[in-house]
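Here is a short briefing for someone meeting this structure for the first time. Look over the sequence and the model, then read on.

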Amino acid sequence: SVPAASSPRSRRSSVSEMATPASILLVGLGGAGCAMVTRLSAQLPAEVSVALFDTDARALAAGGPGTSLQLGRAQTRGMGTGGEAALGLASAEAEEPALRRLFTGVPVVVLVTGLGGGTGSGAAATVAGFAAETGATVLAFATMPFSHEGERRMRQANEAAVKIGQKCHGLVVVHNDLLLQQVAPDAPLSESFAAADAWVGGALRGLASAFAPGALIAVDPSALRS
């Protein structure tokens, strides 16, 4: 992990140094997932803590909120997976003890990842499975590749989505092509991603409000599964 200090909002912390977990742990997995979670982090309520998982050491070293964990240090040597899902899977399996420690005691884990590449496609189902096995209710948001990214990435994303759905309690799939319909034809791509951020961020705030002290309608995390 990247060395850090105590505050999960403004500084990074190691897995072993993480304080008492919040009601919801928001996990960004892979390049796309970490980027979305980082953009969302500034507007998250106190009931949500943040963790970033990636095989790319340079991306994690660039800074970000909350806890960070580099997956597959021996497998990728910090260079990423090169789009190979099998390497993403091996990288997640190699960090099983650290992942289980991080998830232990967390009522709800929300996993955000982009599918099609190696880290998200290969590691997401395994990460979700570890979280569920520790007793957490696991929800996932996964973005699918743009159609112009090619058949191989789309096929890899579809296969990964099926596996994630088998490991978590709820899965929302966001198609990147549909995001383009939310903005003007000449709008920059960043506006499409902002639309996705707003949608996922709104869902998180609504979920967090059910766990806030004094909530009008309190929700048991296990009730989310049904």
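Predicted model: local features only at pLDDT ≥ 70, side-chain atom pairs only at ≥ 80, totals over all residues.

Residues are numbered from 1 along each chain as its sequence is written, and side-chain values use heavy atoms, with hydrogens and water left out.

**Overall**

- The protein chain has nine helices and seven strands. Helices (H or I, at least four residues) and strands (E, at least two) are DSSP runs, numbered from the N terminus.
- Of the 226 residues in the protein chain, 48% are buried. Buried means under 20% relative accessible area, exposed over 50%, and partly exposed in between (1.4 Å probe, protein chains only).
- Take the contacts between residues at least 6 apart in sequence: 70% of them join residues at least 24 apart. A contact means heavy atoms within 4.5 Å.

**Helix H9 (189–209)**

- The 21 residues of H9 should span 30 Å at 1.5 Å a residue, and the end C-alpha atoms are 31 Å apart, which agrees. The expected span is 1.5 Å times one less than the number of residues.
- Its buried residues are Ser192, Ala196, Asp197, Val200, Gly201, Leu204, Leu207 and Ala208.
- The arc is that of the directions from the helix axis to the C-beta atoms.
- An α-helix has 3.6 residues a turn, so residues three or four places apart point the same way.
- The buried residues of H9 pack against strands E2 (24–29), E3 (48–54), E5 and E6, and against helices H1 and H8.

**Helix H7 (151–167)**

- With 17 residues at 1.5 Å each, H7 should span 24 Å; its end C-alpha atoms are 25 Å apart, which agrees.
- Gln156, Ala157, Ala160, Ala161 and Ile164 are buried in H7.
- Seen down the axis, the buried residues of H7 fall within an arc of 145°, so they line one face of the helix.
- The face turned away from that buried side carries the exposed residues Glu151, Val162 and Gln166.
- The cover over the buried residues of H7 includes H4 (85–94), H6, E6 and E7 (170–175).

**The largest pocket**

- The largest pocket has a volume of about 400 Å³. It has 27 lining residues, and the closest to its centre are Gly31, Ala32, Gly33, Gly114 and Thr143.
- On a 1 Å grid over the protein atoms alone, a pocket is an open set of points with protein on both sides within 12 Å along at least five of seven lines; a cavity is a set where a 1.4 Å probe fits but cannot get out; lining residues have an atom within 4 Å of a point.
- Grid points are joined across faces, edges and corners, and a volume is the space filled by probe spheres set on the points.
- Elements that each supply at least two lining residues are H1 (30–40), E5 (108–114), H6 (118–133), E6 (137–144), H8 (176–179) and H9. H1 gives the most, with seven residues.
- The lining divides into eleven nonpolar, 13 polar and three charged residues. Ala, Val, Leu, Ile, Met, Phe, Trp, Tyr, Cys and Pro count as nonpolar, Asp, Glu, Lys and Arg as charged, and the others, Gly among them, as polar.

**Cavities**

- The structure holds two cavities of 30 Å³ or more.
- The largest cavity has a volume of about 40 Å³. Its lining is Met36, Val112, Phe141, Ala142, Thr143, Val174, Ala196 and Val200.
- E6 gives the largest share of that lining, three residues.
- The second largest cavity has a volume of about 30 Å³. H6 gives the largest share of its lining, three residues.
- The lining of the second largest cavity has eight nonpolar residues, no polar and no charged.

**Two single residues**

- Threonine 126 lies in H6. It counts as buried, at 15% relative accessibility.
- Leaving out residues up to four places away in sequence, threonine 126 touches Leu89, Ala92 and Glu93.
- Arginine 77 is in the loop between H3 (73–76) and H4. It is exposed, with a relative accessible area of 73%.
- Phi of arginine 77 is near 55°, a positive value in a residue other than glycine.
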